[in-house]
Amino acid sequence: MTKRTFHNAILRHSNQFHENFLGYSINLGNGKDGYSDSYRGIMTKIIQDLESQRDLYDSLFIMRFDLMLGEGGAMRDRQSQKVMPLFCKEVSEYLNKTVKNPRNPLQAQLRNHKGAYVRWVREYSNNKGFHYHCYICFDAKKLAVIGKDSNEIDSLKSLLTHYWLKCCNGLEQSNKPYVHINSGRLTASYLVRNNSKDGGQSMFNKAVYHLSYLAKTRTKGYNKAYNKGLSTHSIKVRGC
């Protein structure tokens, strides 16, 4: 018998006690088969990661977004596994680079960060192929707006789009890769202020609930066509 690892331990929708995990309410869905259960290990790392970031700043900006590799499930090739580390490296280096006087004043908010990073989980579905659910965190005193796409890097959205398109450029099967930032029922970003009346706890709780979607088991199973599990993720406790 294969020993169950902590990463693969499951939080069940059917278990009412699992809806409150490590002191936080998490999204275990609506009970549909294969949708609502979540990985305990990924959820634990998300919470630990966010808590460690919160301790570093008086105000923390958290944004959830998706990276799509193509339309109609076009990007199912193993090449897709190579683009994510490069994308994370490019974005982090841009945000954390020290630049005293950026030529474009709008770029000032995108420079001189410390420890800004992207965290992600990779998933696979028949209609979307490989895709990534992500979040990014940094000091809200430096940047706390998403912005829009443009021809140059002058906002967080344009930064993410620029490097995602750049990293996907060499993939033969790439068909219109794009960055999706939610504008629907759930807000895409959260501003956690430690000096607010409740110390930022209510906003932080909302962020944890939203990001708990990244821990869902659905679309993270093994596929016979690939020799690597699709539960690959880069969520780590800061400093590890």
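Over the ring of which residue does the charged end of R119 sit? Select R119 together with Y117 in this predicted model: the charged end of R119 sits over the ring of Y117, at 4.2 Å from its centre.

Next, turn to the largest nonpolar core, which has 35 residues, and colour F65, M84, F87 and W164, the residues with the most contacts inside it. At least two residues of this core come from each of β5 (59-68), α2 (80-96), β6 (117-125), β7 (129-139) and α3 (156-168). Another core, of 25 residues, lies apart from it and includes I42, L60, F204 and L211. With F65 selected, show its contacts beyond four places in sequence, among them F87, V118, Y132, L160 and I181.

Now move to the aromatic pairs, of which a search of the whole structure finds 6. Select F61 and F138, whose ring centres are 5.3 Å apart and whose planes meet at 20 degrees, so the pair is stacked; F61 belongs to strand β5 and F138 to strand β7, 77 residues apart in the chain, and both are buried.

Then select W120 and Y132, where the centres are 5.5 Å apart and the planes stand at 80 degrees, so this pair is edge-to-face. W120 lies in strand β6 and Y132 in strand β7, 12 residues apart; W120 counts as buried at 10% relative accessibility, and Y132 is buried at 0%.

Terms used: Residues numbered from 1 in each chain as written. Predicted model: local features only at pLDDT ≥ 70, side-chain atom pairs only at ≥ 80, totals over all residues. Heavy atoms only, no water. Core = buried A, V, L, I, M, F, W, Y, C linked by side-chain atoms within 4.5 Å. Buried < 20%, exposed > 50% of the residue type's maximum accessible area, 1.4 Å probe, protein only. Helix = DSSP H or I, 4+ residues; strand = E, 2+ residues; numbered from the N terminus. Contact = heavy atoms within 4.5 Å. Phe/Tyr/Trp six-rings, centres within 6.5 Å; stacked < 30°, edge-to-face > 60°. Lys NZ or Arg CZ within 6 Å of the ring centre and 35° of its normal.
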